Amino acid sequence: MQLHRTLIGLAALVPFLALTSAEVEQFEIFPGQATWDSSIELPGMSSKAATRGRTDGEPTTAEGHCCGMKGLGGATIEVMCHPETVAMGKPFTVNVKYTSDIKRPVDVHVDVLNAHTKAFYAGKWEEFDTQAGEVSLTIQMPSWGVEEPFLWKVFLTPRGEPFPNMLAETGFVAHLADYVKNDCAPFKSYGFDPPELANNVKTVDFVALQKVPAVLTPGSQAMVDVEYNLVGAAKAILSVALMRKGPNTIISSFADLAAPGQNKVSLPLPVPYDAPKEAVYIVVTLTPDGASWEDRLAEDRTYRTKMAGTRMRRE
């Protein structure tokens with residue numbers, strides 16, 4: 001099987017996502033390839049916009065991404081308050097709120113980078129175990145070396161995951177000055193579980209990684225524990241893949257038919273003898289039987305794994 005068209009996005013190169021149930025019966029491992037089109041520019045967003053779902057890759061404007069992609073996040077994040085200007089060596093506060101379709105451990109992040117060089121200037125995150133929350137993060141800019149234009153990232157990730165694995169993302173505009181103008185009033189962050197979202201775990205399509213090996217050994221078979229809920233299709237394919245982080249190409253993969261409703265399964269993920277010793281991630285996807293990647297129902301991934309003999313770092 002070959003990938004016949006170019007797809008855009010970090011997970012867009014997984015050809016097994018379009019397998020039919022008949023093909024799954026004889027499915028094992030095959031290589032995949034796709035192209036990341038770096039010439040595509042994503043539009044900016046307003047300073048207090050909220051996004052649902054997620055987008056892939058790095059923002060290409062100082063305002064950040066818009067247009068969350070279907071089936072990847074199941075979350076929203078919104079900036080409630082941000083300063084108009086920030087200053088070197090001075091603290092400032094950003095207040096945000098989030099919701100998630102399903103309850104899972106999450107981190108709320110606010111980062112500021114140089115929009116051109118992507119140099120990291122400052123940031124902070126806070127951990128939550130609730131389905132929603134309002135968060136107040138006080139951050140201090142470095143005392144030197146800060147230059148505009150800024151790239152402000154406000155995003156939600158599964159616990160311990162880096163920016164490429166965000167569940168939802170937004171941004172805002174604040175400029176550099178000699179003082180902090182119109183700073184936000186800090187408050188004690190809090191999380192809560194909205195009653196109206198409590199039944200989502202049974203009524204929405206989702207897939208969530210529960211347990212993955214911290215270290216992958218070439219020539220072995222890794223077991224990946226997954227929880228999922230299938231309500232949006234009569235028949236679907238549950239797929240797992242080991243991916244190269246840099247070129248975002250497939251190393252190995254496995255797919256099987258998904259049972260309707262809420263289920264927990266362990267999926268075997270082959271780790272080839274010649275698997276590259278480089279940064280990797282694991283992605284799991286729920287796709288209607290015979291549908292394309294663009295029609296996937298849900299997706300989850302983790303960067304908290306590594307090939308034996310390599311290092312893993314939080315980004």
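Trainee: What makes up the lining of the second largest pocket, and which residues lie nearest its centre?

Mentor: In this predicted model, 24 residues line the second largest pocket, and Arg104, Pro105, Leu209, Gln210 and Asp300 lie nearest its centre. The elements giving two or more residues to that lining are α2 (200-203), β12 (206-211) and β19 (298-302). Of the elements, β12 gives the most, with five residues. The volume of the second largest pocket is about 460 Å³.

Trainee: How do you know which domains the lining of the second largest pocket draws on?

Mentor: At least three lining residues come from each of domain 1 (70-195) and domain 2 (203-307).

Trainee: What classes of residue does the lining of the second largest pocket have?

Mentor: The lining has 10 nonpolar, four polar and 10 charged residues.

Trainee: Why is the pair of Glu84 and Lys181 called a salt bridge?

Mentor: A salt bridge requires a side-chain nitrogen of Lys or Arg within 4 Å of a carboxyl oxygen of Asp or Glu. The closest N and O atoms of Glu84 and Lys181 are 3.4 Å apart, so the pair meets that cut-off. The two residues are 97 residues apart: Glu84 is in the loop between β2 (75-81) and β3 (85-86), and Lys181 in the loop between β10 (175-176) and β11 (190-192). The structure holds nine salt bridges.

Trainee: How do you know where pLDDT stays under 50?

Mentor: The pLDDT scale runs from 0 to 100, and the values stay under 50 over residues 1-72. Where pLDDT is low, the predicted coordinates should not be read in detail. For the chain, the mean pLDDT is 78, and 75% of the residues reach 70 or more.

Technical notes. Residues are numbered from 1 along each chain as its sequence is written. This is a predicted model: local features need pLDDT of at least 70, side-chain atom pairs count only at pLDDT 80 or more; totals for chains, interfaces and linings use all residues. Side-chain values use heavy atoms; hydrogens and water are left out. On a 1 Å grid over the protein atoms alone, a cavity is a set of points where a 1.4 Å probe fits but cannot get out, and a pocket is an open set with protein on both sides within 12 Å along at least five of seven lines; lining residues have an atom within 4 Å of a point. Grid points are joined across faces, edges and corners, and a volume is the space filled by probe spheres set on the points. Helices (H or I, at least four residues) and strands (E, at least two) are DSSP runs, numbered from the N terminus. Ala, Val, Leu, Ile, Met, Phe, Trp, Tyr, Cys and Pro count as nonpolar, Asp, Glu, Lys and Arg as charged, and the others, Gly among them, as polar. Domain bounds come from an automatic or database domain assignment. pLDDT is the predictor's confidence in each residue, from 0 to 100. Contact means heavy atoms within 4.5 Å.
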